[in-house]
Amino acid sequence: MKLSPRHTALAIAVAMAALTAACNKPADKPEAAKTDATAEAGKAGDAKAIPGLATEKEQVSYMIGMDMARSLEPVKDEIDLDTLNKALKSSLAGEKLLLDEKQAGEIREAFGQKVQAQRIAKMMADAKKNLEDGQKFLAENGKKQGVVTTASGLQYQVVSEGTGPKPKATDAVVAHYKGALLDGKTFDSSYDRGQPATFQLNQLVPGWQEGIALMPVGSKYRFWIPSKLAYGEQGAGPIGPNQTLVFEVELLDIAKPQGK
C-alpha cells in the first residue's frame, strides 16, 4: 500500500468528512421532520449518557479524535502528540503558526518519502523471510507420507477421493475451501460464510488451476501453494509478499463456464 506524502494532513480531513456526511444525511421523512422540528430542537442539546463524556461537545470531540487516530495509525511512532496538539490548538485559535505553508509542504513531502522508503524496506525484508520460510517448510513437508510434489512445486494431499469427473481449464467449479498462512491463521473461508463459492478455473492463481484440475468431483484435497504459484512478491490483502499458502478444498460440482 503506497503512502501519500499528505497522509498526515489527511487525518483531520477524514474525520471531518465523516462528520460532514453525518450532518448532511437526508432525512427519511422530510414532512415528519418538519412537523417535529420544535420537539427535536428541545432535544438537540441533550447528550446520551457516556461515562467520561458528559456533553455532546465532548462526545463529538472524542469521536473525531478516534477517527484521526485510525488515520494516523501507520505513522504513530513518528508523531509527538504534544506537538500535534499544539498545532491543532494554534491553528483553530487563529494564532501565528511556527511553520508557513512552504515549510509545511517541504516537511510533508520529505516525511512522505521517508515513510514510503521504510515501508518498501520492510516489504523487501518480509518478502525475503517469507520466501525462505516457505522454501524450508515445503522441503520438509514434501517428505511427509501422502504428500505429493508436482513439477511446478505445488504440493497436495488427498484427504478423500471422489468419483466424479475432473474439471477442465474452461470449467467453472463449485467448491468449499479454507485458506490459511503457514502459521495457521485463516485469511479466507467459504465454510465461515456458510455457502460454497463458484470460480472460473482459468481465472484463479496458478496453484489453484493446477490443483483443482487434479480433483475428481466429490474429492477433498489439501494444497500447499508456493508463492510463485500464488500471489508472489506483491501479496494480496492479508497475504504478505512471497507467502506460501495452505488450502483445504472440497470440490462439489462442475458448472457451466461463466457467461454462457
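Helices (H or I, at least four residues) and strands (E, at least two) are DSSP runs, numbered from the N terminus. On that basis the chain holds eight helices and seven strands, and S90 lies in helix α5, residues 81-93. The model is a predicted one, in which local features need pLDDT of at least 70 and side-chain atom pairs count only at pLDDT 80 or more, while totals for chains, interfaces and linings use all residues. Residues are numbered from 1 along each chain as its sequence is written, and side-chain values use heavy atoms, with hydrogens and water left out.

The chain as a whole comes first. Of its 260 residues, 30% count as buried; buried means under 20% relative accessible area, exposed over 50%, and partly exposed in between, with a 1.4 Å probe and protein chains only. The accessible surface of the chain comes to about 17300 Å², of which carbon and sulfur atoms hold 57%; such areas come from the Shrake-Rupley method with a 1.4 Å probe, and for residues only the protein chains shown count as cover. Among contacts (heavy atoms within 4.5 Å) with a separation of 6 or more, 67% are between residues 24 or more positions apart.

Leaving aside neighbours within four places in sequence, S90 is in contact with E95 and L97. In the loop between α5 and α6 (101-141) is L99, which counts as partly exposed because its relative accessibility is 43%.

Attention now turns to helix α8, residues 206-213, whose buried residues are G207, W208, G211 and I212. Seen down the axis of α8, these residues fall within an arc of 110°, so they line one face of the helix; the arc is that of the directions from the helix axis to the C-beta atoms. An α-helix has 3.6 residues a turn, so residues three or four places apart point the same way. The cover over the buried residues of α8 includes the strands β3 (172-181), β5 (197-200), β6 (220-225) and β7 (245-255).

Between α8 and β6 runs a loop that contains S219. This serine counts as buried because its relative accessibility is 0%. The side chain of S219 reaches the backbone nitrogen of G162 at 2.7 Å, and also the backbone oxygen of P216 at 2.7 Å. Not counting residues up to four places away in sequence, S219 touches S160, E161, G162, V249, E250 and L251.

Methods:
A polar contact is a pair of N or O atoms within 3.5 Å; within protein, one must be able to donate a hydrogen and the other to accept it, and residues adjacent in sequence count only if both atoms are side-chain atoms.
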